[in-house]
Amino acid sequence: MIEQAKNICIELLRKIKNPSSQDINSSIDNVLKIFPDLVSERETLFNYLAATFSVFSEDYRILDTDEGYTPWLKDAKSSIQWNFWNRYISYLQKKIAPDTINKLDNLTDDILDRIANPSTPGAWDKRGMVVGQVQSGKTSNYTGLINKAADAGYKLIIVLAGMHDSLRSQTQIRIDEGFLGFNSQRSLQYSNTNKIGVGFYNPLDSKTNQPIDLPANALTSSHLNGDFNRKVAQSAGIHLRSSDPIVAVVKKNGSILKNLISWLAVWGNKQPDGKIIIRNVPFLLIDDEADNASINVSKEKVSAINGYIRALLSLFEQSAYVGYTATPFANIFIPILEEQSFKGIDLTIKDYEFTVGQDLFPKDFIINIPAPSNYIGPAKVFGLPALTSSDENEETLPVIRLVVDYEAFVPDLHKKNDPLPEELPNSLKTAIKCFVLSAAARRVRKQIDVHNSMLIHISRFIVWQDRIATLVDAELKFYQKQIEMKSGNLMKELQAIWKKEFVPTTAKVIKEKHIYTDPEITAIDWKEIEPQIFPAISKMEVRAVHGDKNIAGLTYHNISPLDYFFSEQQGKFLSVIAVGGNKLSRGLTLEGLTVSYYLRASKMYDTLMQMGRWFGYRHGYMDLCRIFTSDELTRWYKHITIASEEMRRDFDYMFLLKKTPKEFGLKVRTHPGVLKITAANKFRYKKIMYLSYSGKLEQTYQFKIDENRFKKNFDATNELIASLGKPIEKPVNEYNKKQKFVWKGENNFNAVIAFLQKYKIGEEVIDTNKIVDYINVQTKKDNLVNWTVALINNSTAKPEDEFAFNGLTEKVGLTDRTNISNNPMDYEVAKYNITDHRHELIDLTEGEVKAAKAQTEADYKEEGKNEIPDLPSRKRIKWQRDSKNGLLLIYPLNGNCQYVVDSTATPKTLERSKISEIPIIGIAVSFPEIENDEKIEYAVNQQFRKEYEYPDELDQQDENEGTD
């Protein structure tokens, strides 16, 4: 009944732009007249509606080919019957916020407009990429595109969905619900008796007022083994040239793709050169997780999966390819067409010859989609650099819990044949108890008929997963027995964890609404939790999710797939602890995921972001979520989050400059942050890479606490100051009047280079060796020869927080930056941003500052932003700086640094801890925008791990080797 009430309220409010609290209350008043028994649920309804209608999305950005494109959709729109799309929208209105739906409508229009009018005669081939966030709703996005493409006249639509049966099946279910409207596991063709999802929202006939069937055909089913099969396709009698659209969801698997291509080839015409071409069948290929397995990783030939995808596209005279990914780093390194001499490669499949066409670089368009405001992504979990520095602690969601007792349980570098663990560490036992509490708390919040999931991802070896699942199952049964029999100390332990762990976290989330807002999150007393423990824990089970389907060699036999959809169809909801590895990573959604215990070996840096299944939407229970992981993995997630967001900011900036996908690809390939990630891969063959620091700010934000290193960096700073002479007497502009220690030099780059060579910091933070190489190369073209050096002075520092440097007549006020590290061996600067925004203006004249502000104002107006900042943007500051001029900012940080004791207090409670007797030297190097700069070369042995190559062979190999 309450779900009906919610839906009616949404329909009433959808007609109002930006509904107010009064509007929401008015809609509830109307609904309560229909459902008077729901009077006690008024607050629940209000919180749900307030949260739904407060969700917003920023505008997406598009980079188009320099050749432009020919818009067609606007003129054709009135002549197309949008039956599939309108049905999908009706279905979505019960699920997502109105603003999100409106953005989806506009976005899918823009994509469809760029992949060509399917009625256009002759040959055409379009390539594009859509970049979203991990677990942010990309499936809903491309399902919307499928609906519109089918309405417009695309006849065949194929979705490439990961490398595992579980993910392919899950994606097929989403397509069944969002496009086909029927359960493909029961039939591959539409039937009135087999409706699901959109099938219940068919449009009404204007004359009879009866639902109109929208027939479509499926080549694959949602069964775990329902991937493409020639015999099944033939027996279903599906005709490629049927008037009804055809959809298939297939794995990126060599044998599957070969069978699909050879089956499709029957419908083609043999050309004089022996190749097969299918004409007049507009074909759309959607590549989900386009950075995984689709990339050509072979040096001398086309690797298997990449070759089959390209052959599939080349089989059709009219084709469009759209890749979707949250981590496009690998895609950026796909060869851009003009970079290589392409002559075509032949591929023979079952006596047919195919041409392997052009590679998959998104030559026609790239779209960057910001996630909705209610999305919980890497930035909210791990934090990002802010535009300005402050002394406040980094504002992130309080969900990470560091694990320090795992080494004896599962060592980082364990091997398959290492001794298996005998018992669970206390941290994992605590994590399981947190899962029990989170499930009980969701019941208190009336989230009863919902799925609950816990993730345990520790090892890639099946034998280890089997042992861990066995131990976890035994522990869970021990807990269940205590609760059922009302024996033991578990209930007291749960109460203690609730009061210590959950109560303050919920209070903080409710209080700090600027981080995350959800009116449905409310404080819960232990008295409400206790009676829900038994119904929550009694339905819990442990499932091992891996590639071994033979239980004979396993100790733990519950290896059933995570069949959330089919359980729901039977009126059941899973409450599951999933133990696994790779099969729990890419693309697979764990419904109702609250607790993650994640210790995967740190060498998996390049796919860490994809393995973060905890990203996504947690409506009404975000405060109950926990991530148990190691300090090392937390730090690497922070590095990758920063690099990813910098890439997105580069994208937005290039959008303002009206750049192309090719120019973006060339730019990102040289981005220092992206290269930090690609350099962390295991390498197979040597490849020359290029690096540029043009327009970049490289800064230190994390320091290993090492007094010897601190002393060397302090000494290097003293040597640099001594070599520079006297500081300038007057500030260059009004923004830095209090900075007394500034040196502007000519041809002083050697002094800066000497300092950087002596300065020591971890390469994952800032690579001073590559910066030195870059400066040296630029000076040969008379760039970066003149450097401004600023030793930043904190004018508000107390006398005890000042320090003397050689050659200076006055002491320097030390800079305070809050330490947010949970590791006693690290000093991590809040907001990962050591610089103050104003300091990048230190070397600009008043005229240059004025010009940068004017450019920033123009940028903001073009983006539709009304509030213009007081300071020019960092990008425009670097554009104003002459290419001859570099800026080195040196921050002497207070070794008696402050840290947050109580983040829930107002203001936050800070204390100090001395980690160094001398100033800790932090630096920031600001580079001007150098047009046509000389990139530096360096060699890496680039490899995308073996799972990127030949996944069909890998699946078998993994089973033989005992890895998932």
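These are numbered notes on a predicted model of a protein chain.

1. Overall content. The protein chain has 964 residues, and 60% of them count as buried. Its secondary structure comprises 28 helices and 31 strands. The accessible surface is about 39,500 Å², with 48% belonging to carbon and sulfur atoms. Taking contacts between residues at least 6 apart in sequence, 80% join residues at least 24 apart.

2. The open sheet. Eight strands form an open sheet in the order S1-S12-S2-S9-S8-S3-S5-S4, and the pairing is mixed. Valine 159 has valine 249 in S5 as its bridge partner.

3. Helix H6 (residues 98-114) lies across S1, strand S2 (124-131), strand S9 (318-325) and strand S12 (365-368). H6 runs at about 170° to S12. Helix H11 (residues 304-314) also packs on the sheet, where it touches S2, S3, strand S8 (283-288) and S9. The direction of H11 makes about 160° with that of S8.

4. Burial of H11. Of the 11 residues of H11, 10 are buried, so the helix is largely enclosed by the rest of the structure. The buried set includes Asn306 and Arg310 as well as Ile305, Tyr308, Ile309, Leu312 and Leu313.

5. Lysine 94. This residue is in the loop between helix H5 (83-92) and H6. Its relative accessibility is 27%, so lysine 94 counts as partly exposed. Leaving out residues up to four places away in sequence, lysine 94 touches Asn7, Glu11, Tyr48 and Tyr201. For glutamate 11, the separation from lysine 94 is 83 residues in sequence and 8.9 Å in space, C-alpha to C-alpha.

6. Aromatic pairs. A search of the whole structure gives 24 aromatic pairs. One of them joins tryptophan 124 and tyrosine 154 in an edge-to-face arrangement, at 6.1 Å centre to centre and 80° between the planes. Tryptophan 124 lies in strand S2 and tyrosine 154 in the loop between helix H7 (138-152) and S3, so the pair ties together parts 30 residues apart in sequence. Tryptophan 124 counts as buried at 9% relative accessibility, and tyrosine 154 counts as buried at 0%. Elsewhere, ring pairs link Trp85, Tyr88, Tyr91 and Tyr201 into a cluster. Tyr201 is also one of the residues that lysine 94 touches.

7. Strand S30. All 7 residues of strand S30 (residues 920-926) are buried. In a regular strand, side chains alternate between the two faces of the sheet. In S30 both faces are covered, with Ile920, Gly922, Ala924 and Ser926 on one side and Ile921, Ile923 and Val925 on the other.

8. Partners of S30. Strand S27 (residues 885-893) runs antiparallel to S30 and is joined to it by 7 bridges. The bridge partner of leucine 893 in S30 is isoleucine 920. Strand S20 (residues 697-699) is also antiparallel to S30, with 3 bridges between them. Here leucine 697 has serine 926 as its bridge partner.

9. The largest nonpolar core. This core has 59 residues, and those with the most contacts inside it are Phe703, Leu888 and Ile923. The elements giving two or more residues to the core are helix H23 (707-724), strand S22 (742-744), helix H24 (749-758), helix H25 (768-779), S23, S27 and S30. Beyond its neighbours within four places in sequence, leucine 888 contacts residues including Leu720, Val752, Phe755 and Trp787. Ile923, Ala924 and Val925 are also among the contacts of leucine 888.

10. Aspartate 801. This residue is in the loop between strand S23 (786-791) and strand S24 (802-803). Aspartate 801 has 14% relative accessibility and therefore counts as buried, the cut-off being under 20%. Apart from neighbours within four places in sequence, aspartate 801 is in contact with Val812, Gly813, Leu814 and Asn894. Aspartate 801 and threonine 815 lie 14 residues apart in sequence and 8.6 Å apart in space, C-alpha to C-alpha.

Technical notes:
Residues are numbered from 1 along each chain as its sequence is written. This is a predicted model: local features need pLDDT of at least 70, side-chain atom pairs count only at pLDDT 80 or more; totals for chains, interfaces and linings use all residues. Side-chain values use heavy atoms; hydrogens and water are left out. Helices (H or I, at least four residues) and strands (E, at least two) are DSSP runs, numbered from the N terminus. Buried means under 20% relative accessible area, exposed over 50%, partly exposed in between (1.4 Å probe, protein chains only). Contact means heavy atoms within 4.5 Å. Accessible areas come from the Shrake-Rupley method with a 1.4 Å probe; for residues, only the protein chains shown count as cover. Two strands pair if DSSP finds at least two bridges between them. A nonpolar core is a set of buried Ala, Val, Leu, Ile, Met, Phe, Trp, Tyr and Cys residues joined through side-chain atoms within 4.5 Å. Axes are lines fitted to C-alpha atoms, for helices over the stretch in contact, and angles run from 0 to 180 degrees between N-to-C directions. Rings of Phe, Tyr and Trp (its six-membered ring) pair if their centres lie within 6.5 Å; planes under 30 degrees apart count as stacked, over 60 as edge-to-face and the rest as tilted.
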